[in-house]
Amino acid sequence: MFNVDALLKSLPIMGLGMLGIFIVIGLIMFIIWILGKAFPVKKDKQDN
Amino acid sequence: MAQLFSNFLNIDWSTQWPMVIMWIIGGVLIYLAVKKDMEPTLLLPMGFGAILVNLPFSGAVTQVGAEEGPIDVLFNAGIANELFPLLLFIGIGAMIDFGPLLSNPKMMLFGAAAQFGIFFTLSLASFLGFEIKDAASIAIIGAADGPTSIFVSQYFKSNYVGPIIIAAYSYMALVPIIQPAVIKICTTKKERLIRMPYKPKTVSKTTKILFPIIITMVAGIFAPKSVALVGFLMFGNLIRECGVLNSLSESAQHELANLVTLLLGLTVSTKMQWQYFLRWETLMIMGLGLVAFIFDTAGGVIFAKILNIFLKEKINPMVGAAGISAFPMSSRVVHKMGLEEDPQNFLLMHAAAANVSGQIASVVAGGLILTLIQV
């Protein structure tokens with residue numbers, strides 16, 4: 001019932017998946033930072 | 001007279017008795033929806049659908065030698081091609097205010113960390129003997145996001161679409177029960193007492209409008225398979241934030257989301273015919289779904305604790321648990337737990353930022369699973 005081979009094959013997917021998420025999220029954080037710098041509130045006088 | 005009862009008399013109860021179990025399951029889902037207010041918009045149609053498709057020789061689904069049943073027609077038109085979950089994403093995108101996230105982007109890290117349960121469950125399901133496509137479909141229950149679960153499981157043509165969707169929506173409704181227990185196990189009282197002053201930063205309208213467009217482009221460039229999921233979610237958000245399509249935004253949030261949810265719940269029931277549903281694997285999937293939610297929560301909390309080692313201004317690790325996509329239940333749970341520990345500790349806005357980022361991260365996780373697993 002237990003498939004050790006499948007487990008071992010899935011471990012790299014786990015690692016790549018978590019790495020991928022942090023990379024994409026890091027990129028999005030960077031974009032938010034850039035947007036915040038490029039379009040500050042004072043510029044268009046609107047806030048949230 | 002005999003003709004009137006011919007259908008009833010033709011039922012072979014020795015082989016058809018499991019349908020009675022499905023009637024009971026359907027009844028339980030309706031009970032949970034009506035009496036316990038657990039995801040009623042979905043569990044009620046699913047419960048009714050479970051009864052509808054498990055009636056003897058039900059004309060709602062395709063029978064051998066008969067014309068195609070209307071629920072199967074709907075399934076092929078809206079779920080087999082992943083259309084319904086995507087349409088629902090427009091509504092969800094229109095409902096989400098990314099403001100707390102845009103003003104406090106570091107909370108996005110918790111959205112990433114709280115997807116750990118997905119990948120842990122993928123490995124566990126593989127270890128337990130599920131094929132990789134089914135393991136991936138089961139793991140995505142941990143996205144705590146019904147449309148993503150449907151999208152991914154349908155993309156992989158999983159054999160367990162029905163149980164996966166039931167598990168996804170059931171556990172989302174059980175977030176207020178599952179998360180506090182896991183959070184308490186993973187944190188000390190001292191950690192739960194950490195106060196986090198809220199210093200909101202204002203966000204320009206231009207930023208709010210550009211955000212969904214740029215995120216869609218990034219998703220399209222780096223994970224093309226996720227672009228449908230991300231794009232529809234962000235399109236809904238763009239309608240909300242642009243300021244010139246308020247009536248469309250309202251329609252997407254209410255009429256579109258309600259209508260698609262209604263059809264989705266009823267249509268999914270075609271996969272709840274007892275032949276497909278009453279299997280040992282269903283119980284295993286329910287168990288694995290719970291594991292996914294537990295490890296998502298633990299992933300977010302433990303990541304916050306790790307960050308605290310390096311931070312001068314400490315983060316309340318409970319906020320990490322809000323990184324799952326179950327919005328807004330998870331942020332409310334964290335906020336309530338914070339108030340229970342210290343009536344002056346207001347964590348809602350921090351938790352909401354983490355929770356909204358969980359919505360994005362869960363979709364990204366779904367896209368990554370589609371990219372990493374080739375079938």
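**Exercise 1.** Determine how helix 11 of chain B packs against helix 12 of chain B, and which residues make the contact.

*Solution.* Step 1: in this predicted model, helix 11 (residues 146-155) and helix 12 (residues 161-173) of chain B have axes 9 Å apart, at an angle of about 165 degrees. Axes are lines fitted to C-alpha atoms, for helices over the stretch in contact, and angles run from 0 to 180 degrees between N-to-C directions. Helices (H or I, at least four residues) and strands (E, at least two) are DSSP runs, numbered from the N terminus.

Step 1: that angle makes helix 11 of chain B roughly antiparallel to helix 12 of chain B. The classes are roughly parallel under 35 degrees, roughly antiparallel over 145, roughly perpendicular from 65 to 115, and oblique for the rest.

Step 2: the crossing of helix 11 and helix 12 of chain B is right-handed. A crossing is left-handed if the near helix is turned anticlockwise from the far one by less than a right angle, and right-handed if clockwise.

Step 3: helix 11 of chain B contributes B:Gly146, B:Ser149, B:Ile150, B:Ser153 and B:Gln154 to the contact, and helix 12 of chain B contributes B:Val161, B:Ile164, B:Ile165, B:Ala168, B:Tyr169 and B:Met172. Residues are in contact if their C-beta atoms, placed from the backbone, lie within 7 Å. By class, the residues of this contact are seven nonpolar, four polar and no charged. Ala, Val, Leu, Ile, Met, Phe, Trp, Tyr, Cys and Pro count as nonpolar, Asp, Glu, Lys and Arg as charged, and the others, Gly among them, as polar.

On conventions, residues are numbered from 1 along each chain as its sequence is written, while chains are lettered from A and ligands numbered from 1 in the order in which they are written. As this is a predicted model, local features need pLDDT of at least 70 and side-chain atom pairs count only at pLDDT 80 or more, whereas totals for chains, interfaces and linings use all residues.

**Exercise 2.** State how many residues of helix 11 of chain B are buried, and describe B:Lys157.

*Solution.* Step 1: 10 of the 10 residues of helix 11 of chain B are buried, so that the helix is mostly covered. A residue is buried if 20 or more other C-beta atoms lie within 10 Å of its own, exposed if 12 or fewer, and partly exposed in between, with C-beta atoms placed from the backbone.

Step 1: B:Lys157 lies in the loop between helix 11 and helix 12 of chain B. Its phi is near 50 degrees, a positive value in a residue other than glycine.

Step 2: B:Lys157 counts as exposed because it has 12 C-beta neighbours inside 10 Å.

**Exercise 3.** Characterise chain A and its contact with chain B.

*Solution.* Step 1: chain A has two helices and zero strands. Of its 48 residues, 25% count as buried.

Step 1: the contact takes 33 residues from chain A and 39 residues from chain B. On the side of chain A that touches chain B, the largest share, 22 residues, comes from helix 1 of chain A.

Step 2: this side of chain A has 23 nonpolar, seven polar and three charged residues.

**Exercise 4.** Locate the largest nonpolar core and two backbone features of chain B.

*Solution.* Step 1: the largest nonpolar core has 139 residues, and those with the most contacts inside it are B:Phe110, B:Ile138, B:Ala139 and B:Val319. Such a core is a set of buried Ala, Val, Leu, Ile, Met, Phe, Trp, Tyr and Cys residues joined through C-beta atoms within 7 Å.

Step 1: the peptide bond from B:Phe327 to B:Pro328 is cis, with omega near 0 degrees. B:Pro328 lies in the loop between helix 20 (318-321) and helix 21 (329-341) of chain B.

Step 2: B:Glu82, which is not a glycine, has a positive phi of about 65 degrees. B:Glu82 is partly exposed, with 18 other C-beta atoms within 10 Å.

Notes
Two residues are in contact if their C-beta atoms, placed from the backbone, lie within 7 Å.
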